Each structure stands twice: as structure tokens, then as C-alpha cells.
Amino acid sequence: MYEALKQSGIIGRLSIENRVVMPAMGVNLAGPHGDVSDDIIAFYEARARGGVGLIITEVTRIDGGAGISDPCQLSAYRLSDVAGLSRLAEAVHAWGTKIFIQLQHPGASASPLITGSEAVAPSAGFSPGGTPVRALSLEECAKIEQKFITSAQFSQMAGADGVELHAAHGYLINNFLSPAMNDRSDAYGGNFENRMRFLLNIVAGIRKRCGDFPISVRINATEMLPGGIDLPQAVEMAKALERAGVDAINVSRYDEGCIEPGTWPQGAKRNLTQNIMEAVTIPVIGVSNIKEPAVAEALLSEGICDFVGIGRGLLADPHWVRKTLNGQEDIIRKCIGCLTCFEEIVSLRRVACAVNPLCGRERFFNHPSRVKSAGKDVAVIGGGPAGIEAALVLKRRGFDVHLFDDQKILGGTLNVADKGYGKEKITRYTESLVAQVTQAGIILHRAHPATPQAIRGLAPCGIFIACGARPLIPDIPGIDDPRVVCAEAILTGKKTVAGQVVVVGTGMTGLETAEVLAMVGCTLTLVEMLPAPGPGVYPSVVKDVLSHIEPHRPKMLLEHKLVAIDQEGVVLRSLKEGVRVHVPAQAIVLALGVRPRLEVAKTFSKAFPDIPVIPVGDALQGGRILEATRSAHGRAFTFTPQGEEV
Ligand SMILES: Cc1cc2nc3c(=O)[nH]c(=O)nc-3n(C[C@H](O)[C@H](O)[C@H](O)COP(=O)(O)O)c2cc1C
């Protein structure tokens, strides 16, 4: 099984234990001045321990000021960085994993809010965020080349196994390479050779100063900008890099397919990688929205790439590789492509993962304390993501865990969320949760409504309430009309509607329901109180789901509030103009969010006044999967039965 994945591989003079590479991911876990922190060591150490062959660190500073990308990002440009990076390299090496430092300057994409200075690039203009960008002088170009070279030298001194030059994603080296971003007419622009000069000078400088120290270069094989790098140009770039002595090419893209939303297929960058692979003889690293081992194995065995990059997959489960190679793939926690990880970073918070509450918090939650009263029973009411998370942590801590769910199938709201278009990745996540529950030996009580009477016989020392929330139904005239349906009922197929349908609320559930209805031919009107659809949903996820709905020409009424339902349809109030608007409808679908089922916790607290009753997940506060798993994990990790010392 997985013969290709488990084979060792070579990059330059370096031997790598298997074919899985963790590509660079900004995690915002370093110190505020770029120092290596205990948290970032624990983050990478967990992935090394999980068996990945090569880790490429997050974007790492080669300079201060305009060279800063993220507020708490690694840095490799000061002599004092060497000691910290050497600690990091040691922690990773202890597990047999190799480590490259990804050297980056944000160039035109720098945010003055973060850097405190003006962004710089080969050409003046504006950043993707709309702030002004200053053109670098020839002297400055040469200085920054030297900074890259020095950072490579410091990485080598620290004991890293190589560097990756970040020449993609709209950052400085990419600004030089792309015809759409570089309109210089001196030695650094005007033609292919000149646009390559900045990067090739850096490569030559590293070779001169660091000998055969391995160098990977990350490039875009396509760009969203008109006139930007396309695949034929990327192929020429890869060939030129091979001629210059680069040891590996890591293929990416600069558009919405850079970090694919959940509905995109696995293997999404396959075609791009394959074209680069056919053009060079040096190893090619291919990221491709890979979640499952079989997809990674196929990409390798079909010769699409030499190494597979698994990014978000390793945020979701640091042990992806070890589980794959040990025949335990059923318990891999699979990434669902929700982009919470990226959303957290761009919101300047630390990395987080919806399905892995330990991500970025490895140090804090590393060793769950085993309870003294091991073997005591705990009841968990509700087998959705929060209930399962709590059950797994409690079990690891030595409790005997009884998990109750009133349905036959575990998963709770995941069994609704996976019914939207292209949501199979959520089904895979649910399946892995069920496999983990079984493997852990949690005692299951399925199709079993958990009443206080039902669990009294267990004499539990604690009860976790994870029974979720119920849809929010506004108290307005006409709400009891039989044409009114909840979005969940549509998604699960319990109800069907046709003809003119009004969907009220455009959060994720509303949009996904609209998508399903559009595809069965309904004529849709979407109603949202806020000025933009998809409140609280990450913009590229909104864009993705809207791209499936828009071809069906829905009517979108933003800044409108539902005030009543009458014989013909719905009555709305325009929040801008204050006027009433009538929309005819044969069905009205409500997707207005959820309200925690607080009464369940109250009932259990009353019935069990002497033990802790702890609501988690949506039963405490409606939110994303991240909030559900996080609250469950934290409370289960710290749960202390009454009478025991904390
Ligand atoms: C949270 C996050 C941060 C990222 N930061 C970087 C980065 O620092 N440098 C980089 O080259 N790519 C970065 N990427 C892109 C990843 O390296 C990778 O190409 C992308 O996630 C697609 O691979 P995947 O589908 O396996 O996740 C980041 C992606 C994510 C999700």
C-alpha cells in the first residue's frame, strides 16, 4: 500500500525519508520580532513527529520594515536569528524530518499597517489592498538580493537542510518575474531575461556563499492578472532555474485556486504541475488540494510530481503521513477546505483549524492530564463535532465515556452541512470522527434520546451537553404558513420546494441551500439584512458558492429584513429606504442562524445538582465548526470531577 508515498526521495544532495512535503504555511506563531517561539517549535515538531519527510517553514523575513509580511512571522536576517532557527531545526531533525526555511519579502503585497512603512516593488503602483507602492532603485534591488543571500547563509548556519525562495503569490520576487507586475525598462525588466535577473542573482549568490546548500523555488504556474505569468512562461522559468542550479521547483498559482475552497476537487493543480514536471529533470513538488492518501499516491505514481505537498491536510492532522503509512488512514482527520486556517491568519490571529482544535496550540494542550479517578463515567449528550471532540479528549484522560445521540448516525449538524454541493469532504471528516470514536472505545448509545432518567443509572461524575442548536424562527405574522421551511429540511431532503422560492439569510447555510435549490431549477430571491451576502463566511468561500448560484440568475435583495409572510409571498422592509417590498413566493426558506438549546443544560443541571453539567459547541453558543470543537476540547481538557484537585 502506498509504495510511491513511502519511497525516499532526493532534493539536491539531500535524502528525504518519504515523498510528503509540508509546504510553507504562515502560522503567526513566532514572537512579535520574528523570534522562534516555543509555540512554533511545538507546531512544527508535531508535524515532524507525524512522519512528514520535509517541512518548509512559513514565509520567513529576510528584512525588517517593508520586508515584514505577518506580525508574528519567523525571521532569518539577523545573526541572533541563527540560534532560534537552530533550535527549530533540531526539534524537527529529532524525528528524521528535514527542514527548509522559506525566504520571502512581501514586496507589493506588504501591508503598511503591519510594516509601518511604504511597500516596495520593482514598479510603482498599488498593493492588492489598494495602498501605494514605491519602485525600488537599482541600488536597493542589489541590497535586497544580498539580504536573501545572507538569510540563506544564516539558515544554513542554523542547521536547516535548505531554503525555498518564495517567488510566487504576489510577493517581491514574483513582482519582478511577472510581466503584469513589472514595467521596468532597466536591467530588471522589459524582457524575460531581465525579469528573471533578481531571482537568478539571488540563486547565484546563495550558490557562491553556501555551496551546494539545497534551494527550492516556489513559482506561479498561472496568475489572475491579465498579462501575468501563464503556463508556457512558467515552464520557461522552471527551465531557467534548473540551468541556474536550483534543486527543486514547487508549483503554485496566484489566483482563487492558490488555496482551493472546499468544493474544488483534489488534484486541482495537477495539470500545472505535470507541465513543469515534463520540462525539467530536477524534482517537482506539487500541492494540489490533497486530502486523501490515494490521491497523493496517484499523483506520484502517475508521474505528475516527485513530491506531494500536503498543506492544510497537515494542519488538520499532523499525523497524516504516519497514519497513512501505518494502515490507519480511516482515523486521519481530513481537512474540509473551510479556509478557517487562512481566515485566522489574515485576521492577524494565530493559525487555527476547524477540525483540529490543537492546531497552533500544540504546546498548551500537549499532554492531557489523566484523572486520578480513572474509570469514572462521564456522559456526553450529542454526537456532533463538539460532542465527539469532548468524548475523545475525556477518553484520553482516562474517563469511561458514554456518548448519547438521538440519531442512529453520529455527526449531528455535519450530516446537514455535507448535503450542499461539493461537500463530500465533510462526509469524510464525519467518517473519520466515527472511526476515532470506535477506536477509542467510547461507549455509544445511538438512537437514544438522553433524558436525565436514561443516564441516572450511570452515576456520571460529569455531563457534557453537546446537543447543538435549533434553527432561529422569527416571531412575525404568517410564520406558521405551511410554505415556510427551514434550510436544514431542504438540505437533508426532508422537504422539497419548487417554483419561486425566497431564501431568507445568506450565511453559509443559506447560500448552500440556495445553491441546491438553484440546481433543481427554482427561481430564487435571496434576502440579506447586511450590505453583502455571506456575513461571517470567508470571502473566497462566498465567491466560490456564489459562482455556482449566479449562473441561475437569482435576485439578491441586500439590506432587506423579513417582516411578514402573506398569501402571495413575503413582505420585506428595505433598511436603506424604509419602504415595504413585496416578493411573490411559493416557498419561503429560512436560514437565519441558530439558537442554542439552553434548556437541555438547564434540565440536566436541575436533575444532577451535585455534578458539573457543561454545555459545549452550539449548545453553548452557535458558531463555526472551529468554535464548536475548540470549546469542547478546552472544557474536556480541563474538566475536573467534583472533589478532585484541579
Ligand atoms: C494558513 C495558510 C498559510 C499559507 N502561507 C503560505 C506561505 O507562508 N508561503 C507559501 O508559499 N504558501 C502559503 N500557503 C499556501 C500553501 O503552501 C499551499 O500551497 C496551499 O495551502 C495549497 O495546498 P493544500 O491544498 O495542501 O493546503 C498558505 C496556505 C494556508 C492555508
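**Tour of helix pairs, domains and a ligand shell**

Begin with α2 and α3, which are roughly parallel to each other (angles under 35 degrees count as roughly parallel, over 145 as roughly antiparallel, 65 to 115 as roughly perpendicular and the rest as oblique). The model is predicted: local features need pLDDT of at least 70 and side-chain atom pairs count only at pLDDT 80 or more, while totals for chains, interfaces and linings use all residues. Residue numbers run from 1 along each chain as its sequence is written.

**α2 and α3**

Select residues 38–49 for α2 and residues 81–93 for α3. Helices (H or I, at least four residues) and strands (E, at least two) are DSSP runs, numbered from the N terminus. The two axes come within 8 Å and cross at roughly 25 degrees; axes are lines fitted to C-alpha atoms, for helices over the stretch in contact, and angles run from 0 to 180 degrees between N-to-C directions.

Now show side chains. From α2, I41, Y44, E45 and A48 meet R87, L88, A91 and V92 of α3, where contact means C-beta atoms, placed from the backbone, within 7 Å. The residues of this contact divide into six nonpolar, no polar and two charged (Ala, Val, Leu, Ile, Met, Phe, Trp, Tyr, Cys and Pro count as nonpolar, Asp, Glu, Lys and Arg as charged, and the others, Gly among them, as polar).

**α8 and α9**

Next select residues 231–243, helix α8, and residues 270–279, helix α9. Their axes come within 9 Å and cross at roughly 40 degrees, which makes α8 oblique to α9. The crossing of α8 and α9 is right-handed. On the α8 side, pick L231, A234, V235, A238 and K239; they meet L272, N275, I276 and A279 in α9. By class, the contact of α8 with α9 has seven nonpolar residues, one polar and one charged.

**α14 and α22**

Move to α14 (residues 385–396) and α22 (residues 625–638), whose axes come within 8 Å and cross at roughly 25 degrees. α14 and α22 are therefore roughly parallel to each other, and their crossing is right-handed. In α14, select P385, A386, E389, A390, V393 and L394. Their partners in α22 include I625, A628, T629 and F637. The contact of α14 with α22 has ten nonpolar, three polar and two charged residues.

**Domains**

Colour the chain by domain: domain 1 is 3–309, domain 2 is 377–470 + 604–638, and domain 3 is 473–592. These bounds come from an automatic or database domain assignment. The C-alpha centres of domain 1 and domain 3 lie 43 Å apart.

**Ligand shell**

Finally, select the ligand. It is surrounded by 25 residues, the closest being P23, A24, V287, G311 and R312 (near means a C-beta atom, placed from the backbone, within 6 Å). The shell has twelve nonpolar, nine polar and four charged residues. Highlight β4 (54–61), α11 (312–316) and α13 (340–346), each of which supplies at least two shell residues. Which element gives the most to the shell around the ligand? α13 does, with three residues.

Terms used: Contact = placed C-beta atoms within 7 Å. Left-handed = near helix turned anticlockwise from the far one by under 90°.
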